[in-house]
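Me: Please take a close look at a single part of this structure and describe its surroundings in one connected answer.

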Amino acid sequence: MRNIRRPIRFRTKDNMANRGTAQRPNGQTQGKICQFKLVLLGESAVGKSSLVLRFVKGQFHEYQESTIGAAFLTQTVCLDDTTVKFEIWDTAGQERYHSLAPMYYRGAQAAIVVYDITNQDTFVRATTWVKELQRQASPNIVIALAGNKADLANKRVVECDEAQAYADENGLLFMETSAKTAMNVNDIFLAIAKKLPKNEQAGNGGSSGQGRRLAEAEGQKATAGNCCK
Amino acid sequence: MTKLSPSPLISRRLAMLSNVDEYGFERPSNFDYETYEEFMSEYLKVLAKRAKKWSNIIGEGKSLQRSITIKRYVRKGIPGEHRGMVWLSVSGGEDLKNASPDLYQRLLNGPHNREVADIIKTDLPRTFPDNIFFNNTENHQHQLYNVLLAFAHQNKTVGYCQGLNYIAGLLLLVTKNEETAFWLLKMLIEKILPEYYTPTMDGLLTDIDVLAELVRMKMPDVYQHVTNLGLPWAVITTKWFVCLFAEVLPIETTLRIWDCLFYEGSKIIFRVGLTLIKRNKENLLSCRDFTLLAECFKEITKDSIVVQCHDFMQSIFKVPGSLPGNTIAKLRSRIAEDRARQKQVKSIR
């Protein structure tokens, strides 16, 4: 049977999660609403979909179905006076789906590259994803490295220090996470939300085509290369 | 009702009320039993009628030849208990199997590539975890392992591609026989579908573009709208092609599609895709942004249109309009050439 845990809500607005347009505060209410495209990348079975399921629905399935193509979900977090809405693209991990990946990271303002702390190969694969993002994604993309399955510490083969050092060298956010226990799951998304530019002019090079188009389609004030309205 | 039909129909009736469907899939907590029962009470009559018709043409010693009658019968649905046999027969798999009767066993005997075996093993518990045959019994997972391992060693170009686990899993649920499931998988991948599962997935990427082109030709407003909102067609349709609608559409609808797929070939996938889009055209056009559109494309694979599998299957032959085989063949070769040219340009750069 599936292990469905009770949702853990951490300053998230679930009722907004499935809505296309973030609600615009009505005058007296504070704050900006920012919308960001975030992509998850990493080897098959490292826990990409599980991290998303934990973050969006507060659930965990011991056996998460393998993702084919990609899955799309949204979740909103509040950060001081700003509401950050993530459009999350969760991708398939198997190498042969690689040719589809640029479609998902193109225009993404953030990426979480996931590996499994109990499997060295997945860490190596994560570093090649980071290289690809640095070369081909938007120049100001915020990249976070997630060492998932931290609950399996007794089977650990990738040392935390090693991953931290790699992340520091490459200017990545880094956390060890556990989709199973929820450890650091909301935190890594929040850390990304904090690091993303939320000023109108602090855009990311204007290559976030989808974000811009989206804002225009909503008929709301669009700012080139950024999401803030 | 003939003597042949009651037992499967009774099992369907029981499954109507259960929280697990007749194929072993757990129903979600928000499953709409009322609407489903309404549909099923009508569909059971159809099934009873079809079962009787099929029992007249399937019998001991009778072989099933491809003919206009059988094609019509297949479009109206193959009874569950005959599916595996009919699929094998109309796709030509039976002849291949008879020509190499010990192939499957030889493949199982090995030797086996450890890396391939490990990748398959990772996906076993991740295949239909909400199905009682796959999550509770080692047996089905072991059969799935055998089918995928045998296939990967028989076709080393394809090997194992994620997505095949769902197809082989469904084949096992239908046929309840791993050797039949193996031959049907082989027929799908090597005879019926273009190169969807090879390492470069060229056939898949081509067919995604072919569907987009067909949408452009038949529903230019939808095509323009999706393009304007910046949603790539691959994002929407990759899983449709890779899983052949398994894990996308309701199970009974998927199997009805597979009935036609085994008889008529991969063109059916375009018919289904175009029908889904056309029947939901207004909803899709009313989506004002990228997020809503992506959600809407998810919704259209779950609504009552697709649950009513019998009506849906009739509509796929009407709604998209004419779809000649040579139009698809021409589009495929034109798009494949374009893709090859683009690849070449990229590699020169």
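**A close look at one site**

Reply: Just after helix α3 of chain B, B:Gly77 has a positive phi of about 105°; helices are DSSP runs (H or I, at least four residues), numbered from the N terminus. This is a predicted model, in which local features need pLDDT of at least 70 and side-chain atom pairs count only at pLDDT 80 or more, while totals for chains, interfaces and linings use all residues. Residues are numbered from 1 along each chain as its sequence is written, chains are lettered from A and ligands numbered from 1 in the order in which they are written, and side-chain values use heavy atoms, with hydrogens and water left out.

B:Asp259 lies in helix α15 (residues 251-264) of chain B and is buried, with a relative accessible area of 0%; buried means under 20% relative accessible area (1.4 Å probe, protein chains only). B:Asp259 also forms a salt bridge with B:Arg83, with 2.8 Å between the closest N and O atoms; the rule asks for a side-chain nitrogen of Lys or Arg within 4 Å of a carboxyl oxygen of Asp or Glu.

In helix α3 (residues 68-75) of chain B, the buried residues are B:Ile70, B:Tyr73 and B:Val74. They cover an arc of only 100° around the axis, so they sit on the same side of α3(B); the arc is taken from the directions from the helix axis to the C-beta atoms. Their cover includes α2 (33-57), α4 (83-91) and α15 of chain B.

Key
Helices (H or I, at least four residues) and strands (E, at least two) are DSSP runs, numbered from the N terminus. Buried means under 20% relative accessible area, exposed over 50%, partly exposed in between (1.4 Å probe, protein chains only). Contact means heavy atoms within 4.5 Å.
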